[in-house]
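Please look over the structure shown below before reading the briefing that follows. The points are grouped by topic, and each term is given with its cut-offs where it is used.

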Amino acid sequence: MTAIGQDTLGTRDTLNVAGKDIAYYSLKKAAAKLGDVSRLPFSMKVLLENLLRFEDGVTVTTDDIKAIVAWQNDKGKSEREIQYRPARVLMQDFTGVPCVVDLAAMRDAMNALGADAAKINPQVPVHLVIDHSVMVDEFGTPKAFEDNVELEYQRNMERYDFLKWGSKSLDNFKVVPPGTGICHQVNLENIAQAVWSSVDENGTTVAYPDTCVGTDSHTTMINGLGVLGWGVGGIEAEAAMLGQPVSMLIPEVVGFKLTGALKEGITATDLVLTCTQMLRAKGVVGRFVEYFGPGLASLSLADRATLANMAPEYGATCGFFGIDDKTLDYMRLTGRSEDNIALVEAYAKEQGFWLDPSIEPIFTDVLELDMSTVEPSLAGPKRPQDKVLLTQVDDVFNADLEKVYKKAAPARVAVEGKDHDIGDGDVVIAAITSCTNTSNPGVLVAAGLVAKKAVEKGLKPKPWVKTSLAPGSQVVTDYLEKAGLQSYLDQVGFNLVGYGCTTCIGNSGPLAEPISKAINGNDIVAASVLSGNRNFEGRVSPDVRANFLAS
């Protein structure tokens, strides 16, 4: 059941969708009383609707609502604090477990008082996806996935049993089991609805924007679907889970205008690394970023999700996209119901959440990028914003070897018990990983085609390279197998190792002992290349100092 406020401004209205009447809180009615809101950024319209729906005269007042409308004049400079209530909460198995422990403790307290413990439940829908525990212990074999899952269960059975109890005992709480996918990709492909609906205390269905907070920084990925969401700490997530508001300042919103289109062979990863560099230089910490412009029409929903995913890396609270036909196409592709899709279209168009190229929102500030200028890029060796053109990687690494790692010249050393050596700049980890890239079929199919070409040319990975494929959902395996590409990836060492965050969060598993010994015993600056989103030194592996993000 959804909570609602007292609606002092009288904005509640009814929308008929496919013959069904659904209640909603009308921005048009708000505009009739408070002034035009058509040029508010989409993300600010989401906040406006939230305040209209929860206005109770205490936590949310009409003055708060007026402050959002006035954003078009002050552009987020008011420093007014508002109480925002997300529709749901997303968790993963590391940072989410303490929240469930607290619920269990509250139930114990209720039992001790002789009260009904079953009354303790999340007040909004909560989804916990187990994705942070799987490690790449085994790789490069057909049984790698099976072996890694078995080890994962051995190491984490107590936690998993506890979460299983939670999923059976708590209302409004669902657990996605191990070996399914990464929370952000599962959220994008399955959980999110773009427009959420639930019944109020009178039994009336109420529609409102799908919004969420999550206990993981890359919760921002869901903004690609027009769902306002970002990562918060465990206490904030727990408060939201129990129906309490998230306290926040009305944010500034930086518009990012995209024009042109990506050239053939240029990926969304190349684009997001370019945008990350630009936004870091601009300075967007504590701000929303919202993408707009004619270039959006050429970006798939998966491309948009890639841009939204790396908001933490470019420093923003979120990177938001409005709703359009690409949103509906993606929802249809991923099996959302036609009733849900019809509601999203009708609601977005009625409320002004639908992308209209003729209306350019007002922003605090604006950046612009012609996407036709984007070139193949990596980022590294230590920061996501340090974009390097593919053609310049060799020169950049050699310069860093002397400047950053204080080595006059690259060195090579023998590997004990092996017939090969290893040296500075050698790639020892190559990982297809993370929600950032594996949510994008274009990038994954491209990887499969590269593997096919490599097999045809007789290429094999070097013996010191730890290869892995860890998609963010089982959907990836499905389409790679149906396309006949997984077998080629297997032949070049990229066998499936698990469905989870793996290398991107440092769960890359140990390197072979002789390799690790040679690196650490001789101060070798080994490298990794991963399709992840963070590359800080020591994050990917304690043995690897230079990490490069790539498609």
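**Aromatic pairs, a parallel sheet and cysteines**

A search of the whole structure finds 10 aromatic pairs, where rings of Phe, Tyr and Trp (its six-membered ring) pair if their centres lie within 6.5 Å, with planes under 30 degrees apart counted as stacked, over 60 as edge-to-face and the rest as tilted. This is a predicted model, in which local features need pLDDT of at least 70 and side-chain atom pairs count only at pLDDT 80 or more, while totals for chains, interfaces and linings use all residues. Residues are numbered from 1 along each chain as its sequence is written, and side-chain values use heavy atoms, with hydrogens and water left out.

**Aromatic contacts**

- The rings of Tyr 24 and Tyr 347 have their centres 6.1 Å apart and their planes at 80°, so this pair is edge-to-face.
- The pair links distant parts of the chain, since Tyr 24 lies in strand β2 (residues 20-25) and Tyr 347 in helix α13 (residues 338-351), 323 residues apart; helices (H or I, at least four residues) and strands (E, at least two) are DSSP runs, numbered from the N terminus.
- Both Tyr 24 and Tyr 347 are buried, that is, under 20% relative accessible area, with exposed meaning over 50% and partly exposed in between (1.4 Å probe, protein chains only).
- Tyr 24, Tyr 347 and Phe 353 form one aromatic cluster.

**Parallel sheet**

- Four strands form an open sheet in the order β14-β13-β12-β15, with parallel pairing; two strands pair if DSSP finds at least two bridges between them.
- Strands β14 (318-320) and β15 (365-370) stand at the edges, each with a single partner strand, so one side of each is left without a neighbour in the sheet.
- Strand β12 (residues 253-259) is joined to β15 by six bridges, the two running parallel, and Phe 256 stands opposite Leu 367 in β15.

**Helix α7**

- Helix α7 (residues 183-191) is mostly covered, with eight of its nine residues buried, including Cys 183, His 184 and Ile 191.

**Cysteines**

- With a disulfide defined as a pair of cysteine sulfur atoms within 2.5 Å, the count comes to zero.
- Cys 318 is in no disulfide, the nearest cysteine sulfur, that of Cys 212, being 11 Å away, and Cys 318 is buried, with a relative accessible area of 0%.
- The sulfur of Cys 501 is 6.1 Å from the closest cysteine sulfur, in Cys 183, which is too far for a bond; Cys 501 counts as buried at 7% relative accessibility.
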